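I opened this notebook to keep track of what I looked up, one topic at a time. The entries follow the order in which I went through the structure.

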Amino acid sequence: MDSVTVRLKAVSVSAARAAGVTGGASAVVLRTEELRSSPAPLLEQALRESPFVHVRHNSRGDLELSVRGSDSRQAAVIMDGVPMTLGWDHRADASLVPVTGAQDIVIIRGLGSLLNGPNSLGGSIEVSHRPPTRNSVWLTGGVDQNSAIVSSAGGERLIGNAMGGSLSMRGGFAYRKRDGFALPDAATDPTASGGLRTNSDLRHVDGFASLNWNGNAGRTLALNVTGFHAERGVPPEEHITTPRLWRYPYNTRVLASLSGNTGTFTTPFGTGSIDAGFGYNGGRLKISTYTDRTYSTTNGEELGDERASVGRVRLTHSLRSATLRAAVTMSGISYRETLSGASADYRQKLNSFGAEVEAPMGGKTTVGGGVVLDQSSTPETGGRTPGQPDLDNVGWRAGMTHDIDSTWRWHASASRRSRFPALRELYSGALNQFQPNPGLKPETLLGVEAGVTMNRMLGGTTSLVAEAAVFRHNLQDAVVRVTVPNPTPPPAMQFRRVNRDRIESGGLELMAGLTIGANRERAFTVSGDAILQRITITDVALAGLPERHSEHNPETRGSFALGVPLPMNLRGVASARLSGAQYCVNADSGIEKTVSGQAATDLSVERGIPVSRGMFRSLRAILAVDNAANATLYDQCGLPQPGRTLRLMFSLR
């Protein structure tokens with residue numbers, strides 16, 4: 001994937017748009033049609049091709065996201081304006097989130113806006129389905145050497161005029177099946193079968209539909225619905241004696257958003273517009289636990305039924321040369337947890353009231369800033385008393401952007417915001433593995449960043465983009481998991497979440513791309529990115545203890561990709577993914593373990609063939625080898641990534 005950087009103020013999503021705020025680093029835009037990981041990717045596969053975002057599977061089978069050393073509950077995932085990270089656990093499992101039919105995935109590092117709703121402080125990832133511009137259909141498919149298959153189909157149509165505007169619709173579906181992924185040669189798995197990782201199978205089907213109306217003066221109305229159903233296994237950790245032996249017999253989710261914009265109107269103070277949106281995020285899941293690695297005899301189950309709704313109204317208004325943006329976001333989360341036949345109901349309310357102002361200073365400098373009030377309450381606590389008291393917190397952000405000339409630009413910003421604990425962190429026993437702690441306080445992040453961007457044409461069809469950014473984060477009252485000594489009743493092991501640590505991270509982000517040639521199919525491209533960071537954890541409750549490493553979070557990461565035109569109109573791409581050392585604490589011994597640095601190489605050959613008939617424009621075919629050297633890379637201790645995989649995929653659009 002050839003990464004594209006654009007200035008933050010140009011980023012938008014199709015439903016409730018996120019405000020672009022002065023002082024932020026460039027956004028990274030992934031165009032889904034150009035991804036090489038799958039013809040119908042899940043969000044995980046797209047993010048593994050992106051710079052700066054660290055993704056990894058955990059022992060529950062969920063995929064966790066980290067931006068600039070943040071925790072996975074601090075990064076917001078937004079689909080068509082619906083925050084998927086407001087829920088029972090305040091994080092989205094990107095390994096199941098489909099991006100079928102989505103055109104763009106926008107990654108914003110740091111706190112890019114105060115108006116994205118509560119609990120958004122460690123970056124945002126926005127998936128959008130834009131309205132169609134023509135009548136078209138698409139068909140895609142893929143297979144690998146382990147007989148895993150993926151396919152999708154869909155289309156878009158301009159229906160015609162209605163109520164003084166244009167009406168259009170899009171829709172599609174995708175299906176994925178794998179019996180397991182390849183086990184690298186050097187990885188340990190005593191129950192692997194046929195070279196496939198134990199319990200790593202997946203069945204996944206998803207679909208989406210959207211209806212869009214566009215009128216005069218920017219008036220819009222959009223309805224988007226996305227849903228998926230998945231069954232999957234959870235590979236066991238191989239570095240401990242009693243790993244989780246889990247399967248998800250089903251994990252089902254539906255997201256819907258209804259949004260509209262008034263278009264531009266005039267007031268005595270200038271011009272403005274109002275957009276409003278309502279989103280719904282509902283899901284059901286079942287977790288089954290097993291007695292041994294044959295996964296034939298169950299010894300427990302957990303059922304979850306989640307319902308989250310969010311409403312947002314945003315005003316944009318001119319104030320002479322300045323621009324005011326204000327937003328009200330109100331959300332409600334309900335969850336029914338059933339453990340071994342006993343059910344408990346939980347409910348949380350999260351609200352946010354924020355405003356930002358952006359103003360030019362001269363012809364080349366823009367300054368901006370804002371404040372936000374976030375609120376949290378948990379009116380239903382599953383019968384656990386006392387519950388968490390109502391909480392509120394004030395956050396702020398300030399930034400500046402300066403265009404040195406038409407090529408160079410620098411930015412700087414500072415922000416402070418809090419994240420309220422999730423219902424799961426506060427009250428869940430997680431199949432008797434956790435003791436609840438309703439006394440958890442919010443985490444508070446103070447962040448500072450500065451950087452410079454260069455975007456230059458070197459003559460003709462040659463362009464060079466580059467960016468460097470430094471950042472510093474200080475997270476107070478970090479929620480961490482600790483082992484409970486001598487639990488009652490005494491299971492094999494029990495944990496508890498507490499506010500204990502101060503986590504400080506700082507680092508340097510680098511990204512550059514060179515393109516020679518106007519035709520993407522025949523262009524010569526070189527791109528690379530790197531993040532060099534240091535993360536220190538201090539236990540503020542016990543003075544004198546040494547600083548600790550952050551678990552599962554490499555302090556050095558990067559990638560490099562080279563694309564070259566080949567004979568017979570082929571194009572070859574070679575890429576390398578690099579990761580420095582990471583650390584984990586062994587749950588059996590309590591001793592920190594170091595996982596040495598890792599590297600993997602991916603190779604692919606592709607060809608695009610123009611199609612001039614019917615609804616299709618082009619045929620694209622890719623032959624790829626992922627992890628060509630069959631290197632053993634770890635998402636975290638005991639959880640290796642897939643080994644060498646040969647894939648063939650096509651897309652007809």
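Which strands each supply at least two residues of the nonpolar patch? I noted first that I am working with a predicted model, and then found that β13 (220–233) and β14 (246–261) are the strands that each give at least two residues to the patch.

**Entry: the nonpolar patch.** I listed the members of this surface patch as Ile 159, Met 169, Leu 211, Leu 221, Leu 223, Val 225, Val 254 and Leu 258, which together have about 630 Å² of accessible area. The largest share, 3 residues, comes from β13. I then picked out Val 254, which sits in strand β14 and is partly exposed at a relative accessible area of 36%. Membership in a patch needs over 30% relative accessible area, so the 36% of Val 254 is above that cut-off.

**Entry: Ser 210.** Is Ser 210 buried or exposed? I looked it up in strand β12, which covers residues 202–214, and its relative accessibility is 4%, so Ser 210 counts as buried. Leaving aside residues up to four places away in sequence, I recorded contacts from Ser 210 to Ser 168, Met 169, Arg 170, Leu 223 and Asn 224.

**Entry: salt bridges.** Side chains of opposite charge can pair when their charged atoms come close. I counted 45 salt bridges in the model.

The side chain of Arg 170 meets that of Glu 156 in a salt bridge, at 2.7 Å from N to O. Because Arg 170 lies in strand β11 (residues 165–178) and Glu 156 in strand β10 (residues 149–162), this pair ties together parts that are 14 residues apart in sequence. Both Arg 170 and Glu 156 are buried.

I next took Arg 253 and Glu 306, which form a salt bridge whose closest N and O atoms are 2.8 Å apart. Arg 253 belongs to strand β14 and Glu 306 to strand β17 (residues 298–319), and the pair links distant parts of the chain, 53 residues apart. Here too I found both partners, Arg 253 and Glu 306, to be buried.

For Glu 301 and Lys 286, the closest N and O atoms of the salt bridge are 3.5 Å apart. Since Glu 301 lies in strand β17 and Lys 286 in strand β16 (residues 270–290), the pair ties together parts 15 residues apart in sequence. I noted that Glu 301 counts as partly exposed at 29% relative accessibility, and that Lys 286 is partly exposed as well, with a relative accessible area of 22%.

I also wrote down a network of salt bridges that links Arg 56, Glu 64, Arg 73, Asp 89, Arg 91, Arg 419, Arg 424, Glu 425 and Glu 443.

**Entry: pairing around β10.** How many bridges join strand β9 to β10? I found 8 between β9 (residues 136–144) and β10, and the two strands run antiparallel. Gly 141 stands opposite Ser 151 in β10. These two strands form a hairpin with 4 residues between them, and Ser 147 in the turn has a positive phi of about 70°.

On pairing with β11, β10 is again antiparallel, over 13 bridges, and Ala 153 has Phe 173 in β11 as its bridge partner. The hairpin of β10 and β11 has 2 residues between the strands, and I recorded a positive phi of about 55° for Met 163 in the turn.

Definitions and conventions
Residues are numbered from 1 along each chain as its sequence is written. This is a predicted model: local features need pLDDT of at least 70, side-chain atom pairs count only at pLDDT 80 or more; totals for chains, interfaces and linings use all residues. Side-chain values use heavy atoms; hydrogens and water are left out. Patches are made of residues with over 30% relative accessible area and no salt bridge: like charges are joined within 9 Å, nonpolar side chains (Val, Leu, Ile, Met, Phe, Trp, Tyr) within 5 Å. Accessible areas come from the Shrake-Rupley method with a 1.4 Å probe; for residues, only the protein chains shown count as cover. A salt bridge is a side-chain nitrogen of Lys or Arg within 4 Å of a carboxyl oxygen of Asp or Glu. Buried means under 20% relative accessible area, exposed over 50%, partly exposed in between (1.4 Å probe, protein chains only). Contact means heavy atoms within 4.5 Å. Two strands pair if DSSP finds at least two bridges between them.
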